[in-house]
Amino acid sequence: MPSKDIGLAIIGSGRIGGLRARLAAGHPAVRFIAVSDQDPAKARELAGQVGAQCHSGDNDAVMARPEVNAVIVSTSEGEHLKPILAAIALGKPVLVEKPIALTVREADRVIEALKTSGGNVRVGYSRRYKERYQIAKEQVVKGRVGTLTGGAARVFNSRSQALAMMARNPHATPVVDALTYYVDLMNWLFEGRKIVEIYARGQTGVLKAAGHDVPDVSYAVLTYDDGAVVNLGVSYALPEKYPALGHAARVEVLGMGGVMILDDDHTDQIMYSETGVPHVYLPDHTVNMVFLQSGTPGDWALGEFWGPIANETRAWLDHLATGRPCTLATPQEARATLEATLAIEHSMRIGAPVTLPLRAG
């Protein structure tokens with residue numbers, strides 16, 4: 001396919017922004033990289049690591065560069081809206097980390113801006129680009145499990161990551177920030193249907209004792225408009241040294257013609273190291289016992305990065321460069337996922353089912 005050159009602005013020079021920048025620097029269509037961060041020193045450091053031609057503490061200035069024709073927004077969860085809207089106004093396609101925003105109202109502002117100005121915004125729900133889930137979607141598309149009638153997913157992680165996540169943003173709870181991946185995954189597998197009711201329960205414990213009024217464990221039943229039901233669960237309160245370096249998950253999909261059971265716990269890949277293994281997200285955290293390949297973004301191996309974030313980043317850049325289709329979430333899909341996670345939290349608060357759609361807020 002003919003390819004067009006990409007000039008890329010990366011807004012947010014933290015862990016994921018830095019990883020996306022390193023992956024983009026190796027893509028053959030990327031000819032220009034500019035990075036920014038609220039902390040200009042972080043932007044300068046990342047620019048040096050990836051050979052970026054420009055770095056700044058001013059997001060708007062970086063996005064406005066004439067060499068830039070695409071934008072990645074990797075700021076913290078509560079700071080997505082402003083750079084997305086700025087990029088849309090400039091007519092530049094966007095990849096934004098999940099969730100698209102922390103309120104339905106903000107998600108709607110993105111969708112309205114796209115209706116007014118046009119544009120191309122995608123949201124990085126990277127479970128879609130884990131190979132086992134791409135293959136699962138293929139089976140659904142080919143009709144090999146028949147009409148879907150139900151499913152289940154649960155994800156575990158350690159309290160260390162939950163506490164770091166909520167220290168960064170208290171609204172980025174395990175439901176909104178982590179279970180959201182599996183809401184999106186189920187919505188993607190059940191494509192064409194809408195969630196109409198959610199009933200959820202949660203139990204507080206160690207996270208509340210640490211100062212966050214957030215459940216240690218949350219379970220929810222989602223009902224779709226055709227009657228299909230899905231059970232989702234999350235606990236980010238497992239012991240500090242739990243061997244997972246990210247998501248330890250299990251996903252099940254039930255259909256009238258078959259079933260898929262996807263074990264993503266990585267308990268079949270165990271290593272013990274006397275020297276310790278560094279955590280993907282927590283720079284000062286190591287574990288001795290580890291489930292290999294449990295890091296949520298993926299893993300470095302022999303100088304290359306492998307896994308969902310790498311697959312997703314390359315797929316998006318290929319999409320921009322050649323027009324090749326990609327399966328990254330649309331803003332409308334991301335809004336539906338956000339709405340469901342907020343409904344899960346609301347149902348836990350009131351102890352009753354919640355019907356969708358929610359009122360914007």
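Q: Which residues of helix 4 meet helix 5?
A: Leu 81, Ile 84, Leu 85 and Ile 88 of helix 4 meet Glu 106, Arg 109, Val 110, Ala 113, Leu 114 and Ser 117 of helix 5. Contact here means heavy atoms within 4.5 Å. Helices (H or I, at least four residues) and strands (E, at least two) are DSSP runs, numbered from the N terminus.

Q: What classes of residue make up the contact of helix 4 with helix 5?
A: By class, there are 7 nonpolar, 1 polar and 2 charged residues. Ala, Val, Leu, Ile, Met, Phe, Trp, Tyr, Cys and Pro count as nonpolar, Asp, Glu, Lys and Arg as charged, and the others, Gly among them, as polar.

Q: What kind of model is this, and how are residues numbered?
A: This is a predicted model, in which local features need pLDDT of at least 70 and side-chain atom pairs count only at pLDDT 80 or more, while totals for chains, interfaces and linings use all residues. Residues are numbered from 1 along each chain as its sequence is written, and side-chain values use heavy atoms, with hydrogens and water left out.

Q: At what angle do the axes of helix 4 and helix 5 cross?
A: The axes of helix 4 (residues 81-89) and helix 5 (residues 104-117) cross at roughly 5° and come within 10 Å. Helix 4 is therefore roughly parallel to helix 5. Axes are lines fitted to C-alpha atoms, for helices over the stretch in contact, and angles run from 0 to 180 degrees between N-to-C directions. Angles under 35 degrees count as roughly parallel, over 145 as roughly antiparallel, 65 to 115 as roughly perpendicular and the rest as oblique.

Q: Which residues of helix 4 are buried?
A: They are Leu 81, Pro 83, Ile 84, Leu 85, Ala 87 and Ile 88. Buried means under 20% relative accessible area, exposed over 50%, and partly exposed in between (1.4 Å probe, protein chains only).

Q: What do the buried residues of helix 4 pack against?
A: Their partners include strand 1 (6-11), helix 3 (59-64), strand 5 (94-97) and helix 5. Just after helix 4, Gly 91 has a positive phi of about 75°.

Q: How do helix 5 and helix 11 cross?
A: Their axes come within 10 Å and cross at roughly 170°, which means that helix 5 is roughly antiparallel to helix 11. Among the residues making this contact are Val 104 and Ile 111 of helix 5, and Arg 335 and Leu 338 of helix 11.

Q: How many residues of helix 11 are buried?
A: Helix 11 is mostly covered, with 14 of its 20 residues buried. The end C-alpha atoms of helix 11 (residues 331-350) are 28 Å apart, in agreement with the 28 Å that its 20 residues should span at 1.5 Å a residue. That expected span is 1.5 Å times one less than the number of residues.

Q: Changing topic, which residues touch the most other members of the largest nonpolar core?
A: Tyr 182 and Ile 344 do, in a core of 81 residues. A nonpolar core is a set of buried Ala, Val, Leu, Ile, Met, Phe, Trp, Tyr and Cys residues joined through side-chain atoms within 4.5 Å. Helix 8 (residues 174-189) supplies the largest share of this core, 11 residues.

Q: Is His 266 buried or exposed?
A: His 266 counts as buried because its relative accessibility is 4%. His 266 sits in the loop between strand 12 (258-264) and strand 13 (270-278), and its phi is near 65°, a positive value in a residue other than glycine.
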